[in-house]
Every structure is written in C-alpha cells, then in structure tokens.
Amino acid sequence: GVANQRFWPQQPILYGGYLFQAMTRVENGADEIGTALGRVKNPRDTPDTWQVEYYELAALSGLGKGTLMVGDYLYLFGNAGQAVLTRLKLSELVKPSIVPKDLLEYLAADGSWKPGLDTNAAKKLGFSANVGTSFRYLSDRKQWLVLFTNTAGWPAPTISISTAPALEGPWSKPVDAYTVPEMTPGKPEYDEDTVCYAAIEHPESNAAPETDLLFSYTCNSLVFEKQLANMGIYLPKLVRMKLPN
C-alpha cells in the first residue's frame, strides 16, 4: 500500500491459529529500509482469502532472516555488522490489539534482555549473516547449529556454520563449509558477474540431519541480459554434504 515499496518475506511460523512472518521493507529496486511483521488470522484458508495485518517492527532491515520458535518466544536474528538476537513473546502476539515494536526485546552485550532494539548496545554473536540464515538443534550434540551465507565480505562465495549451546551463545568461530562454484574462478560454473546468496538448510527433507547438511542457495547475475539468456542462473542450487566437525 506504499508507492515504490514492497516486502521480502522471511521465515514464517504458525502459533495459536495465526501465521507470523517478519518482512523486510524494500524501497526502489532493493533498498532495505526496515522490518515489518505480518499476522495472518486464517492461514489455513486459501491465500486469496487471507486476512493480513501489517505492523512496523524495527528500523533494522532484515530482522527475521533467521527465525525460530522456542518455548514461549519467537526469536528473530538480524545483522548489524554481526548477528544480533531479538525476541517477541508468543502469548502477546495473539492478542487482538498488538504493537509488536513495543513487545520487541533484544539481547544486550551484558547478556540481559532489554526492551526495543539498540544495535549499538546489542550483543554481537560473532558471525555475519545478512542474506540467508537458518537454525536447528543437534540433539545428540546438545548444540544449536546455524548455517549462513557468510557476509563478513560481500559478494560472499562462502557458506559457513557455527554452533552454540544456547541461542544467546557463545557461538563458535564460523567454519567454512562450502564455497559456491559459481563464484570460484576455475570452476566450470564460474561467471564473474554471478553473485550467490541466501543459504538455507532444509532439515525437513534431510534423512540424516545429525550427520549431514542439506541446504540450498540462490544465484543472480549482475548483468540482466545474462539472466534473461540463461534462466538456470536464478534457480535454487541444492547441496548435500557431511556435517563438518
């Protein structure tokens, strides 16, 4: 409903009969200018009949590119140079009248949870992930695993992983798990105009999630004519590999 703006939806969750989805607000072509929260009252109906409410959530763009529901909270990871962590209480989100930005809490540098989001005072988790982040729990290791496109530099050819005993950390030093061939000189898939991003795990389709990684990533071309000439560029690439130690 705003001229020259659109949403990039992040990972959704279902709770209490609602669907919740953090959404990056995008202006012009790809200028990320903040994060909103979408709430769907009837997510099990056909999408053309959905009753959707949109709420402003944070000035930080991309909040929720890593999203998961644990216990009483919806956790939303964002990136402020390094990853930061916020949360929303689920029982508050299902109330008829909500103001999500007033419910938002962030993990501060001292390890406490504080209201709102102050990226300067937030705890930096030690990894940089701004274009694809997914989390899951390794029950046999009692560790959380995050897989992400490593955006410590950009463009980012590296997909990395890190682990922690809790979402709040401490997170291990990132381990480079995979280098995308489309951005690796000498590989047949390489093209100097191709950039790849948005690494996301798919444990729901992984037959051996405790020992293997199954993830996708997406590529794009900086030259639009190449994109049109080769429709295979902008398709998810799937990778299955052993989970590095």
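Analyst: Asn28 sits in the loop between strand E2 (18–27) and E3. Strands here are DSSP runs of E with at least two residues, numbered from the N terminus. The model is predicted, so local features need pLDDT of at least 70 and side-chain atom pairs count only at pLDDT 80 or more, while totals for chains, interfaces and linings use all residues. Residues are numbered from 1 along each chain as its sequence is written, and side-chain values use heavy atoms, leaving out hydrogens and water.

Asn28 is not a glycine, yet its phi is positive, about 60°. Most residues other than glycine have a negative phi, and most peptide bonds are trans. Asn28 has a relative accessible area of 39%, so it counts as partly exposed. The classes are buried under 20%, exposed over 50% and partly exposed in between, with a 1.4 Å probe and protein chains only.

Asn4 also carries a positive phi, about 65°, without being a glycine. Its place is the segment before strand E1 (5–15).

Two prolines follow cis peptide bonds. The bond from Trp154 to Pro155 is cis, with omega near 5°. Pro155 belongs to the loop between strand E11 (143–149) and strand E12 (158–164). The bond from Gly169 to Pro170 is cis, with omega near 5°. Pro170 lies in the loop between E12 and strand E13 (175–179).

Trp50 is found between strand E3 (31–40) and strand E4 (52–58). Trp50 is partly exposed, because its relative accessibility is 31%. With Val52 and Tyr54, Trp50 makes a nonpolar surface patch of about 280 Å². Patch residues have over 30% relative accessible area and no salt bridge; like charges are joined within 9 Å, and nonpolar side chains (Val, Leu, Ile, Met, Phe, Trp, Tyr) within 5 Å. A salt bridge puts a side-chain nitrogen of Lys or Arg within 4 Å of a carboxyl oxygen of Asp or Glu. Areas come from the Shrake-Rupley method with a 1.4 Å probe, and for residues only the protein chains shown count as cover.

Another tryptophan, Trp113, lies in strand E9 (residues 113–115). Its contacts (heavy atoms within 4.5 Å) include Tyr75, Leu85, Tyr106 and Glu168. Trp113 and Leu85 are 28 residues apart along the chain, with 9.7 Å between their C-alpha atoms.

Arg136 is in strand E10 (residues 133–138). Arg136 counts as buried, because its relative accessibility is 9%. A polar atom of its side chain lies 2.7 Å from the backbone oxygen of Pro209.

The whole structure holds 1 disulfide, which joins Cys196 to Cys219 with S to S at 2.1 Å. A disulfide here is a pair of cysteine sulfur atoms within 2.5 Å. The S-S torsion of Cys196 and Cys219 is about 90°, so the disulfide is right-handed. Cys196 is in strand E14 (residues 194–201) and Cys219 in strand E15 (residues 212–221), so the pair ties together parts 23 residues apart in sequence. Cys196 counts as buried at 2% relative accessibility. Cys219 is buried too, with a relative accessible area of 1%.

Definitions and conventions:
Helices (H or I, at least four residues) and strands (E, at least two) are DSSP runs, numbered from the N terminus. A polar contact is a pair of N or O atoms within 3.5 Å; within protein, one must be able to donate a hydrogen and the other to accept it, and residues adjacent in sequence count only if both atoms are side-chain atoms. Lists of a residue's contacts leave out its neighbours within four places in sequence.
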